[in-house]
Amino acid sequence: MEHQCDIIEEILRKYPNATRDALVPILQDVQNACGCLSREAVIRIGAYLRLPASSIYGVATFYNQFRFRPTGKYHILVCRGTSCHVKGASSLLLLLRGKLGIREDGVPAEDGLFSLEAVPCIGACGLGPVMSVNGKLYAGIDSEKKLDAVLEECRKLKDLEGGTVQ
Ligand code: FES
């Protein structure tokens, strides 16, 4: 398995002579490859772009998409915007909490399979309540049956992919 430092170096090589403008794409690449932005990654990226770690954290925390600790293999976002709230987002969150035994703090369950976060409007208000799993949008999840189908899809995918859940 490739060491995280090697992965980061490989990504940085794709951005020769990069300036601050490349920060967000680099952060995205590192998070996609490593699952989150570790302290070491932030320091290395800062050194590469000649930016203090505090600036990197400043930018990364401004965007919802970045995380600093590992999430579950399947990271679920539930929209808690007004429109989704009216259409039952709270019930959806409650169901997820109960079924997965986790809270919406991004911390994965013990088996590492799922993690959960409630987020502001994700721009699909007409389709609520909406949730996403690893960026894939699921619309109109207004019943336990529909939610179970989404969770089942993830579990099947995990079985297909095999291996250990990280
Ligand atoms: S309120 Fe949920 S997508 Fe906008």
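Four strands make up an open sheet of mixed pairing, ordered E2-E1-E3-E4. Strands are DSSP runs of E with at least two residues, helices are runs of H or I with at least four, and both are numbered from the N terminus. Two strands count as paired if DSSP finds at least two bridges between them. Strand E2 (114-119) and strand E4 (136-138) stand at the edges. Each has a single partner strand, so one side of each lacks a neighbour in the sheet. From one strand to the next, the twist averages 25°. Such angles run from 0 to 180 degrees between N-to-C directions, with axes fitted as lines to C-alpha atoms, for helices over the stretch in contact.

The model is predicted: local features need pLDDT of at least 70, side-chain atom pairs count only at pLDDT 80 or more, and totals for chains, interfaces and linings use all residues. Residues are numbered from 1 along each chain as its sequence is written.

Strand E3 (residues 131-133) runs antiparallel to E4, and three bridges join the two. Within this pair, Met131 stands opposite Tyr138 of E4. Helix H6 (residues 89-100) lies across E1 (74-79), E2 and E3. Its direction is at about 155° to E1.

The protein chain holds seven helices and four strands. Along the sequence they follow the pattern α-α-α-α-β-α-α-β-β-β-α. The chain is divided into domain 1 (4-62) and domain 2 (74-161), with bounds from an automatic or database domain assignment. The C-alpha centres of the two domains lie 28 Å apart.

Helix H1 (residues 4-13) and helix H2 (residues 23-34) cross at roughly 145°, and their axes come within 10 Å. The contact involves Gln4, Ile7, Ile8 and Ile11 of H1. From H2 come Ile26, Asp29, Val30, Ala33 and Cys34. Residues are in contact if their C-beta atoms, placed from the backbone, lie within 7 Å. By class, the H1-H2 contact has seven nonpolar, one polar and one charged residues. Ala, Val, Leu, Ile, Met, Phe, Trp, Tyr, Cys and Pro count as nonpolar, Asp, Glu, Lys and Arg as charged, and the others, Gly among them, as polar.

Along its principal axes, the C-alpha trace of the protein chain spans about 50 × 35 × 20 Å. Of its 166 residues, 23% count as buried, that is, with 20 or more other C-beta atoms within 10 Å of their own. Among contacts with a separation of 6 or more, 58% join residues 24 or more positions apart.

How values were computed
Two residues are in contact if their C-beta atoms, placed from the backbone, lie within 7 Å. A residue is buried if 20 or more other C-beta atoms lie within 10 Å of its own, exposed if 12 or fewer, and partly exposed in between; C-beta atoms are placed from the backbone.
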